Amino acid sequence: MPRKARELSALAVNRLREDGRHAVGGADGLHLRIAGASRAWVLRAKIGARRCDIGLGPFPEVTLTDARDAAIDLRRQIRRGIDPLGERKQARLKSQAERQPLITFRSCVEAYVEMNRAGWKNKKHAAQWSATLKNYAFPTIGETGIADVDTPAVLAVIQPIWTTKTETASRLRGRIEAVLDWARVQGFRDGDNPARWRGHLDKTLPPRRRVQGVTHHAALPYTKVAALIRELQARPGTSARALEFSILCASRSGEVRGALWDEFDLEAGLWTIPAVRMKANKEHRVPLAPQATQLLRDLPRFDKELHVFGAPRGGPLSDMSLTAVLKRMGHIDITQHGFRSTFRDWAGETTPYAREVIEHALAHQLKDKAEAAYQRGDLLQKRAALMNDWADFCAGKPTPD
């Protein structure tokens, strides 16, 4: 058994001056801790598997007798399975909550969105973030104290739409998780995040792949693309040119609509899209076929307009402008994004180009992480040949063997 400390008298305790911890006896683990002019009582005890110090107050405001009584009482609590430190923390949190206004889930969402707004790619993303939580979470937990949002509360929001609106529900869960993580860092709540997926909600909700059908963007068969290009070239307007350019480059709508003149080197036939405008947050170089370069050269240039495909009132075209062109042409069954699938089908089925070259042309991240790690370059020269062949095919020329 460990040796018990000698029981000091009040006079002997008062005479202690040396910095450090001094066992005073009368209660196991009771010490007077001295640090310069500061003297305080500390009980060293083991709670469960961890050893910790419990403060009992300053000396001499708390007398030796009171410190021993408090230490004996705490040891009795520990033997009964009570965690006095945990109870103190809960009491402190309760006191803080009573002294300050209720911090709700809604107010945390608003603060989180405002704090992160500058780091998001565009205003639309911030609006979508807020709208998802406003439409689905606020009616259920909007006015709930952020510290009280638990697993049943999260499930009450997500579960009703998990099998019917799986993509929305998945994004909603991730956004709730982000807000709760932020609130914990701010000190508004503690403990594990009830919206986390791995090892928690994945034990309650079925995986997305089992309940979510795969939805593909409506695409035009590649055998019909040349006819559509001819039809499109006969139409005037910036939106028509932007759609044609997006098809020639197999690019996303946002990449084309947001394109700026200083991103292009027409002499080199190269378009460099900065990382901030790319879905994968990685700079992407697009080799321009002669047809795409000529399309750009033929566009009107305005002194104060930075966008290549500017809207009539300035700034970029709207996000529906390219699809609107297709609808006006009577193609209500296809989308702008679907032309990326058209390109992928043509390249994969009719050309000898390697899969990684085609995937790089689409700015896709390789799913095989090992393959991606070894593929350091962007295969620009091979992609240039691919895009030239694609532009020729769009012009009605046969694909070379």
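Author: Happy to! Let's start with Arg344: its relative accessibility is 26%, so Arg344 counts as partly exposed. Buried means under 20% relative accessible area, exposed means over 50%, and partly exposed lies in between (1.4 Å probe, protein chains only). This is a predicted model, in which local features need pLDDT of at least 70 and side-chain atom pairs count only at pLDDT 80 or more, while totals for chains, interfaces and linings use all residues. Residues are numbered from 1 along each chain as its sequence is written, and side-chain values use heavy atoms, with hydrogens and water left out.

Now for the partner. Arg344 forms a salt bridge with Glu359, and their closest N and O atoms are 2.8 Å apart. A salt bridge here is a side-chain nitrogen of Lys or Arg within 4 Å of a carboxyl oxygen of Asp or Glu. Arg344 sits in helix 15 (residues 338-350) and Glu359 in helix 16 (residues 355-361), so this pair ties together parts 15 residues apart in sequence. Helices are DSSP runs of H or I with at least four residues, strands are runs of E with at least two, and both are numbered from the N terminus. Glu359 has 13% relative accessibility, so Glu359 counts as buried.

For comparison, here is another pair. Asp53 forms a salt bridge with Arg21, with 3.0 Å between the closest N and O atoms. Because Asp53 lies in strand 4 (residues 50-58) and Arg21 in strand 1 (residues 20-23), they tie together parts that are 32 residues apart in sequence. Altogether, the structure holds 14 salt bridges.
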